[in-house]
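Have the model open as you read.

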Amino acid sequence: MTAAGLAHRAEELLDPAAYAYVAGSASAERTAAANRSAFDRQRLLPRMLRGATDPAARDLSVEVLGTRLAAPVLTAPIGVLELLHKGGEVIAAAATKELGIGTVLSTAASSTIEEVGAAAGEWWFQLYWPADDELARSFVRRAERAGAKAIVVTVDTPTLGWRPRDLELAHLPFLHGKGIANYLSDPVFRSKLATPPEEGEDAMRAAILVWISLFGNHSLRPADLARLREWTELPIVVKGILHPDDARQVVDAGADAVVVSNHGGRQVDGAIAALDALPTIVATVGDRADVLFDSGIRTGSDMLTALALGAKAVLYGRPWVYGLGIAGHAGVRHALRLLLADFDTAMGLTGCANLAEVDRSLIATVR
Ligand code: FNR
């Protein structure tokens, strides 16, 4: 089965609103389409007779920011997984642990940081930096205690993009309070509520309004990363970078890594495809920071292409979320194993025995 096959099965089987939540992107969804077509403009130039086709010769492992991974992939942070499967974040974290890859837990998870920390192997925490530093700091502290190995600050979503599929189904999962487990379980957040959210519908509605008021931080600037650096010794990753000047500024301000990403085309319709933004950002900050990549990865060759263009690792998004919706743990595991097997094969057949051998020379210039 392919990633497209998983999407197709998900469309057949899932509740339409849940499918729309995952599949949907901003406005006319042109950037989501561009994320895929950008891969069509890149071609690999395989090398032969190098022995890499021997499975015993291949080592896909990598260390990223002190995190050891069996292959250069982590599951992307995806909010509100309860819409796909109860306990979705915990299930996904357990599946990545079994496969030796990483997981990035969303702030907007429907499981708590502590629940996921107990189930996960190597994991990072994705921070939607709220409009309240005390709360931001509390999230970071909880993630650190629960075993996160890095903090990933997503900077492209101080407010949600215009997503017609969500709007048409009047669905907006966040507004129903499904993605706020981390907030509801946080002592700082709770201290801002007049009534505990457990005390009935009105109390929950009031909690959701407080959450809305705190979700996005419009005053955040690169220099604020210095504060995050004071709060934690964990590596700081900034996710959602497309412009090289932004990459330079956040690295100057202390980021250890950036994720080149357009949020799967869910934020700015018409924005550059993430793959097209990658080479310039690697050229700008690649000597000082790790560059990771997401938005559009669907096959092992896609992974290899992003790595050859300078990404240290990739985040994998929608396909495993469809797997979760279709078949829970087995579905996530299946989706991830498909990608890993495809990547392993692509490495061997292009003559790469390990990641040190993956570089720009693997990309063909085609006119
Ligand atoms: C996301 N993404 C996301 N990113 C983030 O930093 N925090 C989050 O909570 C979410 N939530 C989320 C939900 C859903 C349903 C999707 C599809 C995406 C963005 C995600 O981490 C990643 O950048 C994209 O999924 C990459 O695009 P593709 O490869 O999945 O198309």
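1. The ligand has 22 residues around it, with P77, S106, T154, R298 and R318 coming nearest (near: a heavy atom within 4 Å). This is a predicted model, in which local features need pLDDT of at least 70, side-chain atom pairs count only at pLDDT 80 or more, and totals for chains, interfaces and linings use all residues. Residues are numbered from 1 along each chain as its sequence is written, and side-chain values use heavy atoms, leaving out hydrogens and water.

2. Now the polar contacts (pairs of N or O atoms within 3.5 Å; within protein, one must be able to donate a hydrogen and the other to accept it, and residues adjacent in sequence count only if both atoms are side-chain atoms). A ligand oxygen sits 2.7 Å from a backbone N or O atom of P77, and an oxygen of the ligand is also 2.7 Å from a side-chain N or O atom of R298. For G79, a polar backbone atom lies 3.0 Å from a ligand nitrogen.

3. How much of the ligand does the protein bury? Taken alone the ligand exposes 610 Å², and 99% of that is buried by the protein (Shrake-Rupley method, 1.4 Å probe).

4. On to S110, in the loop between β5 (102-105) and α5 (113-119) (DSSP runs: helices H or I of at least four residues, strands E of at least two, numbered from the N terminus). S110 counts as buried because its relative accessibility is 14%, the cut-off being under 20%, with exposed over 50% and partly exposed in between (1.4 Å probe, protein chains only). A polar side-chain atom of S110 is 2.8 Å from the backbone nitrogen of E82.
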